[in-house]
Amino acid sequence: MAKYLLLKHYRGAPAAVNDVPMDQWAPEEISAHVQYMNDFAARLEKTGEFVDGQALAPEGAWVRYDGEGRPPVTDGPFAETKDLIAGWMVIDVDSYERAVELAGELSAAPGAGGKPIREWLELRPFLGVKPTITE
């Protein structure tokens with residue numbers, strides 16, 4: 001099994017097909033989207049492929065070490081930055097192809113008008129893991 005990180009972006013990724021910002025969705029469209037995500041995770045829990053996942057708020061800060069005896073330095077929040085992560089999910093699957101298959105399915109979460117968002121998801125293997133590509 002190999003672990004992969006799926007990243008959902010608020011922005012910074014190529015535009016989705018159904019590219020209506022979530023703050024313009026009706027409450028029932030948001031509920032349907034969240035339910036799809038929860039159902040997807042629950043199904044993967046049953047197959048042992050779900051590790052963890054969370055939605056993230058747009059607020060945040062950069063933090064860095066500033067030397068011995070000094071407090072950390074912070075900068076931000078940068079909600080206006082080009083790249084902004086909306087959430088993440090870690091999956092543990094048998095192959096790269098399975099990771100791509102699941103990312104594609106997650107990309108179909110409903111959005112505005114109840115239609116699939118067809119958003120781009122960033123798929124990244126954990127460092128040190130060589131993807132198993134079957135032919």
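Reader: Counting Ala, Val, Leu, Ile, Met, Phe, Trp, Tyr, Cys and Pro as nonpolar, Asp, Glu, Lys and Arg as charged, and the others, Gly among them, as polar, how do the residues lining the largest pocket divide?

Author: The lining has 24 nonpolar, eight polar and five charged residues. The model is predicted, with local features needing pLDDT of at least 70, side-chain atom pairs pLDDT 80 or more, and totals for chains, interfaces and linings using all residues. Residues are numbered from 1 along each chain, and side-chain values use heavy atoms, without hydrogens and water.

Reader: How much space lies in that pocket?

Author: About 1000 Å³ lies in the largest pocket (an open set of 1 Å grid points fitting a 1.4 Å probe, with protein on both sides within 12 Å along at least five of seven lines; lining residues have an atom within 4 Å of a point). Of its 37 lining residues, Lys8, Tyr10, Met22, His33 and Ala86 are closest to the centre.

Reader: Which element gives the most to the lining?

Author: Helix 1, with six residues. Strand 1 (2–11), helix 1 (27–47), strand 2 (50–55) and strand 5 (84–93) each supply at least two (DSSP runs: helices H or I, at least four residues; strands E, at least two).

Reader: At what angle do helix 1 and helix 2 pack?

Author: Helix 1 packs against helix 2 (residues 96–106) at about 155°, with axes 11 Å apart. The two are therefore roughly antiparallel (over 145 degrees).

Reader: Which residues meet there?

Author: Tyr36, Met37, Phe40, Arg43 and Leu44 in helix 1 meet Arg98, Leu102, Glu105 and Leu106 in helix 2 (heavy atoms within 4.5 Å). Six residues of this contact are nonpolar, none polar and three charged.

Reader: Where is arginine 118, and what is its phi?

Author: Arginine 118 sits in the loop between helix 2 and strand 6 (122–125). Its phi is positive, about 55°, although it is not a glycine.

Technical notes. Points joined across faces, edges and corners; volume = space filled by probe spheres on them. Nonpolar A, V, L, I, M, F, W, Y, C, P; charged D, E, K, R; others polar. Axes fitted to C-alpha atoms, helices over the stretch in contact; angles between N-to-C directions. Parallel < 35°, antiparallel > 145°, perpendicular 65-115°, else oblique.
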